[in-house]
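Work through the exercises below with the sequence and the model open. Try each task before reading its solution.

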Amino acid sequence: VGRSSGGVGIVRRMLAAVAAVAASVLLLTGCQAGLSDEGEPLTVAQSEMLAQTRFQVASRGDVVLHISMLADDDVDHREYEVTLDPVAHVAWGAMLRGPSSLAVEEAVAFSPTAFLRQVDGQWQTEAVPDPALSVVFALAADRPENAQLLRQSDARHLGEVEVDGERQQVFRLPSVDGGGDAVTRLWLDGDGRLRRMDAGDDERLVILLTDDAPVPRPAGLELGDADG
C-alpha cells in the first residue's frame, strides 16, 4: 500500500486490481448523468479531501462491503457481501456466483494472498476466483496521502451526483504514469467518506462501503496479517 510520500500511492494497488477486470471486458463508453467524461483538475480542498480518503476508511474500523463484478446476467457474475477488517487485512462473508437469478451462495473469507471457502463447517483454502478482490485491501491506509502531489497529478473531479438522496463527489484517480488512462473512480459523501469505488462504470467492478453493522469474525478462521 502506498504511503504519503508517493504521488500515486493511493492508486497503485487499486489500478492493478481494476486492470485485472478491465482487461477481460470491453470498455463501456459514456458517463453517468451529471458526471463529466474529462473532469476538472483538483482544487486544493478536493486534493486534501481525497488525500484523507483511505486513512478515513482505516479509521472507521470494520466495514461492510458489497462487491459486484460483471453484469447481473453474466455467467461469470460474482457478488460478495463481506465485512472488511482493514487493520488485519482480512474479509469474511458470503459469495454469490453466477447470474443473479441463479446465484449460489457460499461462505468465504480472504486476505491479500489467500482465499477460503467453508465446506461442511470447515474452512478450505482454494485458488482466488477473482484477482480483483485484492483491491479491497487498498481501500484503507494507515496515514493520509500527499495532497500536493495528488493535485499535481492527472486525478480529476468528475462532478457531483445524488445517490439515494445523498450528494456525492466523484473523482477519477490518477494514472500511474500520468498518461491519463486511469478509469478508477472514488465516490465521497459530504463528510469526505468513501462510499463507492468502481472501474469507471456500473458493471465491471463496483465496491460499495455500506453503513450495515459488521458481522463478527467467524470462530476458527485463521487468516490475517500473516497472509498479507
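The model is predicted, so local features need pLDDT of at least 70 and side-chain atom pairs count only at pLDDT 80 or more, while totals for chains, interfaces and linings use all residues. Residues are numbered from 1 along each chain as its sequence is written, and side-chain values use heavy atoms, with hydrogens and water left out.

**Exercise 1.** Find which residues of helix 2 are buried, and state what covers them.

*Solution.* 
1. Helix 2 spans residues 44–51; helices are DSSP runs of H or I with at least four residues, and strands are runs of E with at least two, numbered from the N terminus.
2. Buried means under 20% relative accessible area (1.4 Å probe, protein chains only).
3. Seen down the helix axis, the buried residues of helix 2 fall within an arc of 135°, so they line one face. The arc is taken over the directions from the axis to the C-beta atoms.
4. The cover, by contact (heavy atoms within 4.5 Å), includes strand 1 (40–41), helix 3 (53–59), helix 4 (147–152) and strand 8 (156–163). Strand 9 and strand 10 (185–188) also belong to it.

**Exercise 2.** Describe the lining of the second largest pocket.

*Solution.* 
1. V163, D164, E166, Q168, W187, R195, R196, L208, L209, T210 and D211 line this pocket.
2. Strand 9 (166–172), strand 11 (194–198) and strand 12 (205–209) each give two or more residues to the lining.
3. By class, the lining has 4 nonpolar, 2 polar and 5 charged residues.

Note on methods. 1 Å grid on protein atoms, 1.4 Å probe; cavity = no way out; pocket = protein on both sides within 12 Å on 5 of 7 lines; lining within 4 Å. Nonpolar A, V, L, I, M, F, W, Y, C, P; charged D, E, K, R; others polar. Buried < 20%, exposed > 50% of the residue type's maximum accessible area, 1.4 Å probe, protein only.
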